[in-house]
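Please take a look at the protein shown here. A short report follows.

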Amino acid sequence: MNRSSPYDSPNPHRLFRDPQRGVVGGVCAGIADYFGFKPALVRLALVLGLFFFMPPVILAYVIAVLVLPVKPPAVYRNPEEEAFWRGVSIKPDRTLAGLTQRFRDFEKRVGNLEAHVASKEYELNRAIRNLDR
């Protein structure tokens, strides 16, 4: 039974290993996918790190291979959901501003609808329609 904490995020955008796109364990491909980089750039950074700091980089890579879960086949349902969750993870302030604007637009539309339904013109039109019955 999978018990999740009420504090768990529904955000599926997590750091995974991606062995299908990876060369050795998929760590670089997973990091590239998480941050939205090309895997070649992450691999280049790894090679440079190996050149300057070989023991810590190798240790970190081995730990990442052991600790990071493998990327599931279908993390997101569609591309729109993927773009939304990536935005939440990478640019939360922009995502919040976009949601705030959408709620303001929705509130304005509902207010216009309420004003129309509560107007005398709406009541008059409804009374005229009821006379035809």
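## Terms and overall fold

Helices here are DSSP runs of H or I with at least four residues, numbered from the N terminus. The model is predicted.

The protein has six helices and zero strands. Read from the N terminus, the order of elements is α-α-α-α-α-α. The protein has 133 residues, and 20% of them count as buried. Its accessible surface is about 10,900 Å². Carbon and sulfur atoms contribute 64% of that surface.

Sequence separation was also computed for the contacts. Take the contacts between residues at least 6 apart in sequence: 48% of these join residues at least 24 apart.

## Asp18 and helix α1

Asp18 sits in the segment before α1, which spans 27–35. Is Asp18 buried or exposed? Its relative accessible area is 6%. The cut-off for buried is under 20%, so Asp18 counts as buried.

Which residues does Asp18 touch, leaving aside neighbours within four places in sequence? The partners are Gly26, Ala29, Gly30 and Lys71. Two of these names return in the list of buried residues in α1: Ala29 and Gly30. That list also includes Val27, Cys28, Ala32 and Asp33. After α1 comes Gly36, with a positive phi near 80°.

## How α2 meets α3

Helix α2 covers residues 39–52, and helix α3 covers residues 54–67. Their axes come within 6 Å. The crossing angle is roughly 135°.

On the α2 side, the contact is made by Leu46, Gly49, Leu50 and Phe52. On the α3 side, Met54, Val57, Ile58 and Tyr61 take part. By class, the residues of this contact are seven nonpolar, one polar and no charged. Gly counts as polar in this scheme, so Gly49 of α2 is the polar residue here.

## The annotated region

UniProt places a "transmembrane region" at residues 44–68, in an unreviewed entry. In the model, the chain over residues 44–68 is 92% helix and 0% strand. The end C-alpha atoms of this stretch are 20 Å apart.

Definitions and conventions. Residues are numbered from 1 along each chain as its sequence is written. This is a predicted model: local features need pLDDT of at least 70, side-chain atom pairs count only at pLDDT 80 or more; totals for chains, interfaces and linings use all residues. Side-chain values use heavy atoms; hydrogens and water are left out. Axes are lines fitted to C-alpha atoms, for helices over the stretch in contact, and angles run from 0 to 180 degrees between N-to-C directions. Helices (H or I, at least four residues) and strands (E, at least two) are DSSP runs, numbered from the N terminus. Contact means heavy atoms within 4.5 Å. UniProt positions are given in the numbering used here, feature names are shortened, and annotations may be inferred rather than shown by experiment. Buried means under 20% relative accessible area, exposed over 50%, partly exposed in between (1.4 Å probe, protein chains only). Accessible areas come from the Shrake-Rupley method with a 1.4 Å probe; for residues, only the protein chains shown count as cover.
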